[in-house]
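Student: I am new to this structure and would like a close look at one part of it. Please pick a single element and go through it step by step, with the cut-offs behind each term.

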Amino acid sequence: MARRRVRKGSRLRIDEAELAAFRAGLRRRYSDAEILDELRAAAERLGRSPTMREFARDPEAGVHPQTVIEHFGTWNAAKRAAGLYPRRFLTREELLEQLLALGAEVGRVPTARDLAARRRSLPSASLYAHTFGSLANALREAGFEVLQGEERLERAVEQGAMLASRLGRLPKMADWAEARRADSALLSEWQVYRLLDVPRGAWTAFQFLVRERLREQGVEVRSDGTLGGDG
């Protein structure tokens with residue numbers, strides 16, 4: 001027979017087996033995956049890995065911190081499972097080592113997308129931003145080449161000229177998107193688009209810069225954007 005706890009001076013009795021089953025039923029209201037998603041969503045809203053108090057105060061969080069602990073044992077264990085590393089667990093040097101290892105894995109400068117794809121095993125981009133000011137700052141400190149502003153545009157124009165040579169015409173946004181699917185080292189078409197500070201027609205402005213670069217290389221570019229022979 002299961003033991004019953006009797007509170008002195010009270011008629012209330014608790015059957016421990018029934019209590020355990022009751023608690024298990026409540027815990028099943030949330031899966032581990034759902035709780036981890038709640039933690040990640042809270043981190044996105046906050047911009048960093050949340051503390052228990054911050055999570056409890058988040059009006060959009062649908063899970064109580066105690067529920068998180070009941071599922072994962074400790075608060076920090078849950079955050080590690082969610083890929084939200086507490087700062088005291090990783091030093092700046094350790095965070096940089098993680099970036100270097102990721103760069104070696106992907107064979108290029110890591111991106112926030114790379115971190116998000118490995119969120120169960122690597123720190124989040126928000127943690128890097130919180131620790132270093134931005135992910136770009138962390139990448140530079142790790143020794144990666146991170147281009148800015150004019151440098152990024154210069155690189156994009158050079159890549160645009162190379163793509164145009166392969167296509168036989170100035171690249172459209174769709175051409176660039178297809179090229180990036182084959183080469184993730186390229187900026188996205190929208191990143192290129194936003195590099196041009198013009199009122200409208202940013203991609204046309206980019207095509208103009210590519211045309212000028214091709215002309216500097218002695219390549220004829222016709223009025224319809226197709227390429228002729230070398231000059």
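Tutor: What follows is about helix α13 and the residues around it. The model is predicted, so local features need pLDDT of at least 70 and side-chain atom pairs count only at pLDDT 80 or more, while totals for chains, interfaces and linings use all residues. Residues are numbered from 1 along each chain as its sequence is written, and side-chain values use heavy atoms, with hydrogens and water left out.

Helix α13 covers residues 202–216, and its 15 residues should span 21 Å at 1.5 Å a residue; the end C-alpha atoms are 21 Å apart, which agrees. The expected span is 1.5 Å times one less than the number of residues. After α13 comes Gly218, with a positive phi near 85°.

Of the 231 residues in the chain, 36% are buried (under 20% relative accessible area with a 1.4 Å probe, protein chains only; exposed is over 50%, partly exposed in between). In α13, the buried residues are Ala202, Trp203, Ala205, Phe206, Gln207, Val210, Arg213 and Leu214.

Phe206, Val210 and Leu214 are also among the residues with the most contacts inside the largest nonpolar core, together with Trp176, Val192 and Leu196. Such a core is a set of buried Ala, Val, Leu, Ile, Met, Phe, Trp, Tyr and Cys residues joined through side-chain atoms within 4.5 Å. This core has 22 residues, and the elements giving two or more of them are α10, α11, α13 and β3 (219–221). Apart from it lies another core of 16 residues, including Leu99, Leu102, Phe132 and Leu139.

Leaving aside neighbours within four places in sequence, Leu214 is in contact (heavy atoms within 4.5 Å) with Ala161, Ala164, Ser165, Leu170, Val219, Val221 and Leu227.

Two other residues of α13, Trp203 and Gln207, are in contact with Lys172, its neighbours within four places in sequence again set aside. Lys172 lies in the loop between α10 (149–167) and α11 (173–182). Lys172 and Trp203 are 31 residues apart along the chain, and their C-alpha atoms are separated by 7.9 Å. In the whole chain, among contacts between residues at least 6 apart in sequence, 51% join residues at least 24 apart.

Methods. Helices (H or I, at least four residues) and strands (E, at least two) are DSSP runs, numbered from the N terminus.
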